Amino acid sequence: MAQRVAVSDGGNKKTSRVRVAVRLRPYMSIPDEKDEGPCVRGLDSQNLEIINWRNATETVKYHFDVFHGEQTTQQEVFLTSVKPILPHILNGQNASVFAYGPTGAGKTHTMLGSAKEPGVIPRAVREVFNLVKAKDEGEEWDYKIGMSYLEIYNEKVLDLLSPNSQDLPIREDKDKNILIPGLTHTIITSFLDFDKHFVPATLNRTTASTKLNQRSSRSHAILLIKVVRTRRVPPQRQQTGKLYLVDLAGSEDNRRTGNQGIRLKESGAINLSLFTLSKVVDSLNSGSAVRVPYRDSKLTRLLQDSLGGSAHSVMITNIAPEYKYYFDTFSALNFAAKSKLIVNKPFTRETVAVPVLPVKRAREEHEATGSGTEPQKKRQKEEKKDEQDGSSPSAHYHSLSEPSVMDRLIALEKLMMGCQDKDRLSVLKDVAQSRKEIQELKEKQREFESKAKLFSQLAGEKSMSKQEPSFKNNIAPLQRKQTNASKPNKQQAVVQPLQVSRLQPLQQPAVVKKQSVCVKKKEKKLSNLVESPEGKENMQENAWESQLDTSLLEQSRQKILHILNSGCLKELKALQQIGDKKAKLILGWREIHGHFTKLEDLIKVEGMTEKRFSSFMKANIVSAMGN
């Protein structure tokens, strides 16, 4: 059972405010554009200012936990903003780091970095392994580290470690923990092991080129590092800490990015999820009992623990200094200012493993010794074992009484772990009362043991005095009848396979009557059971193609293929069984994979199954030949 333990960091502090860091990327001026200079500048390590768009002679100032200027290195960003929250993971608490900002502001560079300048994600994972390695081996804790990696693309949760997986659901357990059933969880033992899984998975992330960014992220990527530590000695306490490293996709102005087609659809999904994220922050800061719209987006559902939840959270807001990013930068700074007011309530997630005691087995053995149906050899072995161990009725009493005491002790330990300070006195009274009851049980146990020894001595004297048993059983033991020899073998029925040639056609009666529905159903079932000589079941489906002229059929197929490869949205919708949604999917597939080489490639389009493709071909070929 999971226990919630309150956090105390240097006192009675049981809350943690979201830390907000702002990073300004270097100014990149293009010679062809009008050089207007930067619109943002830093004042010190915590303050910055931006030009007021209403009055160019004034500036708007902001105060944050940390401000990283243009010359700030990746190492400085990690040491000042991310490293302080990582030790909480090893104590069974959650932590999260996510990068926020407009597209082209440097979020992916901050989180991933490069080979020469690694970003937050590789540095944080390496630091987690260093913290585990630095722990004393005599601490009596075993550590296990695992990883999961996913992306949210067009409101679909996709597993990057298993790219062939479908949209995964998001669930919540009874302890309010967010779970994703089916998500791949890989155990890693070193940073090299992590790098071996992470680098190929990063290449599976959806990216594309826009006017503002050559390699723009089209999805939100979330890396989960899970640290589980288990105590070696009983009671085996287990603490679980999670680290969420989130690289958000940037908000986009489609007028400047030039998005069209599938890029426009991706941009709409990204902006909608970021708008929901802003609504969540506003609801948390309102201070009233309003509904927090976590469930309105997959992104906010997964960030539920990071914003207003139980995690130590750090948000790195990336901004750009150019004037063309002015309104995006202004909105990002306002969002960051609101986010730093959010208060989380971290706690330690701990599970106490209850030891499995052999209560049921001891009870069964006790009942079996009292019954006379047990075989003689098994009873003799148990009697010898009882003599060696010196146990008898008192041993059974001990095995039955000890589990109840252990259960009460474990229940009291759980109660002490989860109770508040004001309830400690009542718990201590219960502990004293339980100790008194345990002492009484021990005294009763000693009495039972002494009585058991007297019973065993009396039984030994009686066995020595009696040389022969008073009753002799001369009847031969019962023997099992040989059923195989007495009963003849039954002849098994041999089922002959159904053959077509044996079916005789029904003779038509002289009087013609209307065939009943039951007869029709029986004949239909019989025809389904009969297998054709060639073994093909779909001959009737493709029979309509064999009845058409080969040249006309090929001409119609080429005409349909030409429309699929070069037709616009209106021409694609003119095809039979192709609506607006299916036409847009065909355009998107054609933009990514190129032209259709054959009509059967249409099955690769999302939602187009083989059955739908067959009906599509039949409807369009008949329509083309009719025209």
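The side chains of Arg 231 and Glu 140 meet in a salt bridge, with 3.6 Å from N to O; the term stands for a side-chain nitrogen of Lys or Arg within 4 Å of a carboxyl oxygen of Asp or Glu. This pair links distant parts of the chain, 91 residues apart: Arg 231 belongs to strand E16 (residues 220-231), while Glu 140 is in the loop between helix H3 (120-134) and strand E9 (141-153). Helices (H or I, at least four residues) and strands (E, at least two) are DSSP runs, numbered from the N terminus. Arg 231 is partly exposed at a relative accessible area of 24%, and Glu 140 is partly exposed too, at 32%. Here buried means under 20% relative accessible area, exposed over 50%, and partly exposed in between, with a 1.4 Å probe and protein chains only.

A word on the model: it is predicted, so local features need pLDDT of at least 70 and side-chain atom pairs count only at pLDDT 80 or more, whereas totals for chains, interfaces and linings use all residues. Residues are numbered from 1 along each chain as its sequence is written, and side-chain values use heavy atoms, leaving out hydrogens and water.

The structure holds 18 salt bridges. One of them joins Asp 65 and Arg 17, whose closest N and O atoms are 3.0 Å apart. Asp 65 counts as buried at 14% relative accessibility, while Arg 17 is partly exposed at 40%.

Lys 196 and Asp 193 form a salt bridge as well, the closest N and O atoms being 3.7 Å apart. The two are three residues apart in helix H4 (residues 191-203), so about one helical turn separates them. Lys 196 is exposed, with a relative accessible area of 56%, but Asp 193 is buried, at 15%. Elsewhere, a network of salt bridges links Glu 172, Arg 295 and Arg 301.

## Aromatic rings and their partners

You will find nine aromatic pairs in the structure. In one, the rings of Tyr 62 and Phe 64 have centres 6.0 Å apart and planes at 10 degrees, so the pair is stacked. Rings of Phe, Tyr and Trp (its six-membered ring) pair if their centres lie within 6.5 Å, and planes under 30 degrees apart count as stacked, over 60 as edge-to-face and the rest as tilted. Both Tyr 62 and Phe 64 are buried. One aromatic cluster is formed by Trp 53, Tyr 326, Phe 327 and Phe 330.

Phe 64 also has Lys 340 over its face, at 5.6 Å from the ring centre. Likewise, Arg 25 lies over the face of Tyr 325, at 5.4 Å from the ring centre. A charge sits over a ring if NZ of Lys or CZ of Arg is within 6 Å of the ring centre and within 35 degrees of the ring normal.

## The annotated binding site

In an unreviewed entry, UniProt places the feature "binding site" at several residues, among them Gly 101, Lys 107 and Thr 108. Such annotations may be inferred rather than shown by experiment. Gly 101 is in the loop between strand E8 (94-100) and helix H2 (107-111), and is buried at 3% relative accessible area. Leaving aside neighbours within four places in sequence, Gly 101 is in contact with Lys 107, Gly 250, Ser 251 and Asn 318, where contact means heavy atoms within 4.5 Å. Thr 108 is in helix H2 and counts as partly exposed at 27%.
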